[in-house]
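Please take a moment with the sequence and the model below before reading on. The paragraphs that follow lead from salt bridges to strands and then to the ligand.

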Amino acid sequence: MDNHSKNDSQHWIRQEIRDLSAYHVADASGMIKLDAMENPYVWPDALRQQWASLIEQTDVNRYPDPSCLGLKQQLRQVMNIPEDMEIMLGNGSDEIIQIVAMAMSGTGRSILSVDPGFVMYKMISTFCGLKYIGVPLREEDFSLDLPAILQAMDQYQPAVVFLAYPNNPTGNLFDEQQVIEVIEAAPGLVVIDEAYAPFTDETFMHRLGQYDNLVVMRTVSKMGLAGLRLGFLAGPPDWLNEFEKLRLPYNINTLTQLSAELAMKHHVVLDEQTARIRQQRKVVVSALTQMQGLTIYPSDANFILIRTAAGQAAPIHARLKDKGILIKLLDGSAPMLKDCLRITIGTAEENQKLIASIAACL
Ligand SMILES: *Cc1c(COP(=O)(O)O)cnc(C)c1O
């Protein structure tokens, strides 16, 4: 028997968990926060009043409605989810990734995505004991390397393929036809993660049902409701009914349900805000494009990826922080993101401060 005490965490916690570092969230108190793809706009007063009075009439002594039928119906309408597709709600789409991974884990099972990609795919694969395969994107434009993906799918037979569309942290949309080829060639499930749907005109939602192995995941976080923690998966009942068994019964709390229902009823408010963000994206891109020594990558999301001159990303990140502006330093997180920064689009005023501060750094 091993020589260890009964409460020895180093003995009992799995090696791959001990090797992880916890997801880091930077302290942003008092700063212009352009690091986490949040919508910078709050609700107008009239809506806040309605919200407050709804909460006033709500009791929290009982468990929440476990079916969330009202909220699902609202989401179905607002997000154009086809009638014959099932919906599962998650406490953020992170929880949905976890449910999918738990349902499909097992000896020799793997999850495949692209690199650089959304970090939670890899972290959650590790939590759930699945092997993670990150197929490198093409370095020049972060497009899919289709032959490499087909080869890796053939070799590893992944249970699930996750593709963020648009991708985080690169901001681009993958070629639609290539994504379809991935769906057609995948041995298992393909999850199209449309977290940034409010900022692009492209979607796979209308393709649900065309492929038995296609599901679409969305979240309300990036459209202005990050604090509520609500995401959903839409897809064929054969898959969704199985995933539903792993969902903890009351994962969507009473306050989230009533707040999200109200927000969906007034979705034009959020639509108007996301339209302003899309407009501001153009402003920021065109200002940064004119600056010497920066490469700006095309974005269909509410953030943009930029590459600085060699060795300049960390100093620019630090100088912006000194000026009270928090952005995301990507240099050091992946070889392909050397000298890269990720900037979330803020309000017009925040963006002007950002542009002036970056100009002063160069
Ligand atoms: C932000 C993000 C999510 C997570 O969203 P939550 O619903 O807030 O958990 C999922 N996928 C991608 C690609 C994201 O960027």
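A salt bridge is counted when a side-chain nitrogen of Lys or Arg lies within 4 Å of a carboxyl oxygen of Asp or Glu. The model is a predicted one, in which local features need pLDDT of at least 70 and side-chain atom pairs count only at pLDDT 80 or more, while totals for chains, interfaces and linings use all residues. Residues are numbered from 1 along each chain as its sequence is written, and side-chain values use heavy atoms, with hydrogens and water left out.

A search of the whole structure finds 12 salt bridges. In one of them, the side chains of aspartate 201 and arginine 278 meet at 2.9 Å, N to O. Aspartate 201 belongs to the loop between strand E6 (189-193) and strand E7 (214-219), whereas arginine 278 sits in helix H12 (residues 267-289), so this pair ties together parts that are 77 residues apart in sequence. The names of such elements come from DSSP runs, numbered from the N terminus, where helices (H or I) have at least four residues and strands (E) at least two. To describe how far a residue is covered, we call it buried under 20% relative accessible area, exposed over 50%, and partly exposed in between (1.4 Å probe, protein chains only). Aspartate 201 is exposed, with a relative accessible area of 65%, and arginine 278 counts as partly exposed at 24%.

Another salt bridge joins the side chains of glutamate 244 and arginine 247, at 2.8 Å from N to O. Here glutamate 244 is partly exposed at 28% relative accessible area, while arginine 247 is buried at 13%. The side chains of lysine 353 and glutamate 349 also meet in a salt bridge, with 3.9 Å from N to O. Lysine 353 and glutamate 349 are four residues apart in helix H14 (residues 348-361), a separation of about one helical turn. Of this pair, lysine 353 is partly exposed, with a relative accessible area of 44%, and glutamate 349 is exposed at 57%. Elsewhere, salt bridges that share partners join Lys33, Asp35 and Glu38 into one network.

Let us turn to the strands. Strands of a sheet pair through backbone hydrogen bonds, either parallel or antiparallel. In this description, two strands pair if DSSP finds at least two bridges between them. Strand E5 (residues 160-164) is largely enclosed by the rest of the structure, because five of its five residues are buried. Both faces of E5 are covered, with Val160, Phe162 and Ala164 buried on one side and Val161 and Leu163 buried on the other. Strand E3 (residues 110-115) pairs with E5 in the parallel sense over two bridges, and isoleucine 111 has valine 160 as its bridge partner in E5. E5 also pairs with E6 in the parallel sense, over five bridges, and there phenylalanine 162 stands opposite valine 191.

A further sheet is open and has four strands in the order E9-E10-E13-E12, with antiparallel pairing. Strand E9 (295-296) and strand E12 (328-329) stand at the edges, each with a single partner strand, so one side of each is left without a neighbour in the sheet. Strand E10 (residues 303-307) and strand E13 (residues 340-344) pair in the antiparallel sense over five bridges, and isoleucine 306 stands opposite leucine 341 in E13.

What surrounds the ligand? There are 13 residues around it, the closest being Asp193, Tyr196, Thr219, Ser221 and Lys222, where a residue counts as near if one of its heavy atoms lies within 4 Å. By class, this shell has four nonpolar, five polar and four charged residues; Ala, Val, Leu, Ile, Met, Phe, Trp, Tyr, Cys and Pro count as nonpolar, Asp, Glu, Lys and Arg as charged, and the others, Gly among them, as polar. A backbone N or O atom of serine 93 lies 2.6 Å from an oxygen atom of the ligand, and a polar backbone atom of aspartate 94 is 3.0 Å from a ligand oxygen atom. In the side chain of tyrosine 196, an N or O atom is 2.6 Å from an oxygen atom of the ligand. The elements that give two or more residues to the shell are helix H5 (93-104) and helix H9 (221-225).

Terms used
Polar contact = N/O pair within 3.5 Å; in protein donor to acceptor, adjacent residues only side chain to side chain.
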